[in-house]
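Trainee: I have a structure to discuss today. Could we go through it together, one part at a time?
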Amino acid sequence: MKKIYGVIGDPIAHSISPAIQNDAFAHQELDCIYHPFHITPENLNDAVKGMKAIGIAGFNITIPHKTTIIPYLDEVDELAATIGAVNTVSYQDGKYIGYNTDAMGFYKALSDQISNLTEKKILVIGAGGAARAIYFTLLSHGTVSVDITNRTLEKAEALIADCPFEKQSAALTLVQAEEKLAEYDVIIQTTSAGMSPHQDAMPFSIRNLSEGSFVSDIIYNPLETKLLKEAKQKGADVQNGLDMLVYQAALAFQIWTGITPDTTRMKNIMRTTLG
Ligand code: ATR
């Protein structure tokens with residue numbers, strides 16, 4: 001019987017996940033379908049119960065349900081529980097189990113590019129939901145030297161205090177981070193500054209960026225943010241948000257099917273869909 005997968009969110013119309021996952025299912029010749037479901041916050045609990053009752057085999061979760069879904073799941077993977085956000089659910093032995101492939105996908109994308117990641121000195125820009133997932137994931141894999149800079153300093157301080165893993169972290173104002181930027185091997189940009197339609201924005205100045213550093217921006221629209229353009233001009237290596245997007249989808253597919261999908265194919269579909 002055909003297996004049904006999906007993505008739930010509010011709004012959901014612009015999700016590119018159906019195009020990617022349906023292509024991957026077809027490519028692997030699996031009798032599966034992936035459908036977008038518009039679920040509002042007040043319907044979330046009923047929706048999860050209904051999905052289980054009708055046998056939805058797995059689904060992704062997007063804004064605004066990544067945190068609020070947790071109490072409605074049967075089990076949550078340890079990293080996802082610590083982060084407090086779930087973006088992938090899999091039906092296993094009668095249970096809905098939650099994972100965070102955003103975090104796992106980001107780590108895979110970054111560790112593919114950088115060897116000895118645990119020894120690097122890292123700066124995370126931003127202290128929102130995305131920064132939380134990335135910061136917790138880096139520390140959970142044994143990278144201890146990760147500072148956080150944010151427009152609102154208190155949020156960076158709270159994030160560090162909240163993280164249960166071993167760490168050597170400082171919270172910095174954007175001005176403080178600008179001043180000591182040359183000290184970092186890896187800089188990870190997680191804010192919406194630079195995202196369409198604010199392409200001309202940058203979270204801070206990178207005048208002190210050192211030539212051999214690596215700059216990762218999780219934004220994928222546009223594919224090259226102003227920050228990445230300037231970082232490249234200063235001789236840094238850069239990575240945009242496309243790899244993270246690809247791997248979060250690939251890891252979800254893998255959790256559901258046990259099969260590693262063709263990530264080059266997924267990336268091409270994303271590039272085409274994003275224009
Ligand atoms: P997400 O879930 O995508 O991380 P979020 O939780 O709303 O979104 O967090 C947004 C992050 O972007 C915050 O760190 C925010 O800074 P504040 O905590 O000071 O609000 C940051 N941010 C958004 N716009 C920014 C801008 N123009 N310059 C610098 N930081 C910005």
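Predicted model: local features only at pLDDT ≥ 70, side-chain atom pairs only at ≥ 80, totals over all residues.

Trainee: How many residues does α9 have, and what distance does it reach?
Mentor: Helix α9 covers residues 242-257, which is 16 residues. From its first C-alpha to its last it reaches 23 Å, close to the 22 Å expected at 1.5 Å a residue.

Trainee: Why is α9 said to be largely enclosed by the rest of the structure?
Mentor: Because 13 of its 16 residues are buried. Buried here means under 20% relative accessible area.

Trainee: Let us turn to the sheet. What is the order of its strands?
Mentor: The order is β9-β8-β7-β10-β11-β12, an open sheet of six strands with parallel pairing. The edge strands are β9 (171-172) and β12 (237-239), each of which pairs on one side only.

Trainee: What holds paired strands to each other in general?
Mentor: Strands of a sheet pair through backbone hydrogen bonds, either parallel or antiparallel.

Trainee: How many bridges are there between β7 and β8?
Mentor: There are four bridges between β7 and strand β8 (residues 146-149), in the parallel sense. Within this pair, Leu123 stands opposite Asp147 in β8.

Trainee: And which way do the residues of β7 point?
Mentor: In β7 (residues 122-125), Ile122 and Val124 point one way, while Leu123 and Ile125 point the other way. All of them are buried.

Trainee: What about β11 and β12?
Mentor: Strand β11 (residues 214-217) pairs with β12 over three bridges, again in the parallel sense. Ser216 has Gln239 in β12 as its bridge partner.

Trainee: Now the ligand. Which residues are around it?
Mentor: Among them are Gly126, Ala127 and Gly128, then Asn150, Arg151 and Thr152, and also Thr191, Ser192 and Ala193. The shell divides into three nonpolar, seven polar and two charged residues.

Trainee: How much of the ligand does the protein cover?
Mentor: It covers 64% of the 650 Å² of accessible area that the ligand has on its own.

Trainee: Where does the backbone of Gly129 come in?
Mentor: A backbone N or O atom of Gly129 lies 3.0 Å from an oxygen atom of the ligand.

Key
Residues numbered from 1 in each chain as written. Heavy atoms only, no water. Near = heavy atom within 4 Å. Polar contact = N/O pair within 3.5 Å; in protein donor to acceptor, adjacent residues only side chain to side chain. Areas by Shrake-Rupley, 256 points an atom, 1.4 Å probe, with all protein chains shown as cover. Nonpolar A, V, L, I, M, F, W, Y, C, P; charged D, E, K, R; others polar. Helix = DSSP H or I, 4+ residues; strand = E, 2+ residues; numbered from the N terminus. Expected span 1.5 Å × (residues − 1). Buried < 20%, exposed > 50% of the residue type's maximum accessible area, 1.4 Å probe, protein only. Pairing = 2+ DSSP bridges.
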